[in-house]
Amino acid sequence: MLLSCPASDLHIKSCQRARTVYLPPRLNIINTLKRNCREGIKTKIGVIGLQGAVSEHLDAVKRAMEKLGIRGEAIWVGNSEQLVGVDGVIIPGGESTTIGKLMQRTGTFERVKELAKSGVPILGTCAGLIVLAKLGGEHVVQTGQPLLELMDIAVIRNAFGRQRESFEADLEIPLLGEKPFRCVFIRAPAVSEVWGDVEILAKFHEKIVGARQRNMLAVAFHPELTPDTRLHEYFLKMCQKVDSRLSNK
Ligand code: GLN
């Protein structure tokens with residue numbers, strides 16, 4: 001029965017042994033994946049679908065779920081009711097001013113804030129990273145664009161300048177393993193400052209382009225635009241019911 005669920009094959013023996021003694025975070029997640037598979041629990045990821053690279057994220061989540069053997073779905077979220085029961089939320093790239101304003105108009109702004117505070121994992125990519133920030137640079141202050149103020153980070157919009165509006169780079173992101181991750185930057189922001197318990201995950205030319213704080217993950221690039229699903233896989237592991245909230249610390 002367990003063979004139909006690829007995640008269940010992972011380290012099954014060591015998990016069983018470990019359960020009685022000590023459960024390191026990774027094994028916790030593997031156990032949760034196995035249990036969810038066994039019990040037919042589905043993982044539901046909501047992608048805020050008001051503007052920007054939405055379908056690409058829906059597709060990337062699907063690919064990552066297949067890879068991990070997770071049963072579940074990614075749904076297009078246009079209003080706050082659609083966020084009921086989600087195990088994780090993705091705020092995509094696009095135009096952060098528009099995304100923030102439309103989130104306010106649709107009630108998803110407040111709802112995402114509540115979900116994040118209750119421990120539901122949130123992934124923000126590019127414009128999504130900006131929306132997650134507590135502080136914006138001059139540009140953000142000038143336009144008065146709404147920020148969720150969830151992560152202890154300050155951001156600069158369009159940090160890589162006009163002449164370099166779009167580029168790709170292979171970056172080392174230890175969180176995702178040894179193999180460099182191809183990062184697509186499109187009029188990308190950068191994190192100018194972090195505080196609190198924020199961990200820096202990736203840098204490009206001394207600029208911070210990836211950060212994590214408890215249940216929140218933010219990157220300045222577009223992981224949904226490459227075939228590499230490692231970042232979405234990592235996020236999905238964060239979203240595995242209950243146990244992941246513990247192992248995510
Ligand atoms: N420059 C955009 C902004 O400030 C972000 C670009 C993107 O998401 N690709 O909102």
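Let's start at a turning point: helix α5 is followed by Gly-119, whose phi is positive, near 105°. Helices here are DSSP runs of H or I with at least four residues, strands are runs of E with at least two, and both are numbered from the N terminus. Residue numbers count from 1 along each chain as its sequence is written. This is a predicted model, where local features need pLDDT of at least 70, side-chain atom pairs count only at pLDDT 80 or more, and totals for chains, interfaces and linings use all residues.

Now for α5 itself. Its buried residues are Thr-108, Phe-109, Arg-111, Val-112, Leu-115 and Ala-116. Buried means 20 or more other C-beta atoms within 10 Å of the residue's own, exposed means 12 or fewer, and partly exposed is in between, with C-beta atoms placed from the backbone. Looking down the axis of α5, the buried residues fall within an arc of 165°, so they line one face of the helix. That arc is taken from the directions from the helix axis to the C-beta atoms. On the face turned away from the buried side of α5 sit the exposed residues Glu-114 and Lys-117.

What do the buried residues of α5 pack against? Helix α4 is one partner, and the strands are listed here:

| Strand packed against α5 | Residues |
|---|---|
| β1 | 43–48 |
| β2 | 72–77 |
| β3 | 88–91 |
| β4 | 122–125 |
| β12 | 216–219 |

Contact means that two C-beta atoms, placed from the backbone, lie within 7 Å.

How do α4 and α5 cross? The axes of α4 (residues 96–106) and α5 (residues 108–117) come within 5 Å and cross at roughly 90°. That makes α4 roughly perpendicular to α5, a label for angles of 65 to 115 degrees. Where they meet, α4 brings Met-103, Gln-104 and Thr-106, while α5 brings Thr-108, Phe-109 and Val-112.

Also in α4 is Leu-102. With 19 C-beta neighbours inside 10 Å, Leu-102 counts as partly exposed. Leaving out residues up to four places away in sequence, Leu-102 touches Leu-50 and Gln-51. The C-alpha atoms of Leu-102 and Pro-146 are 9.8 Å apart, although 44 residues separate them along the chain.

Finally, Ile-122. Beyond its neighbours within four places in sequence, Ile-122 is in contact with residues including Val-89, Val-112, Ala-116 and Leu-132.

Notes: Axes are lines fitted to C-alpha atoms, for helices over the stretch in contact, and angles run from 0 to 180 degrees between N-to-C directions. Angles under 35 degrees count as roughly parallel, over 145 as roughly antiparallel, 65 to 115 as roughly perpendicular and the rest as oblique.
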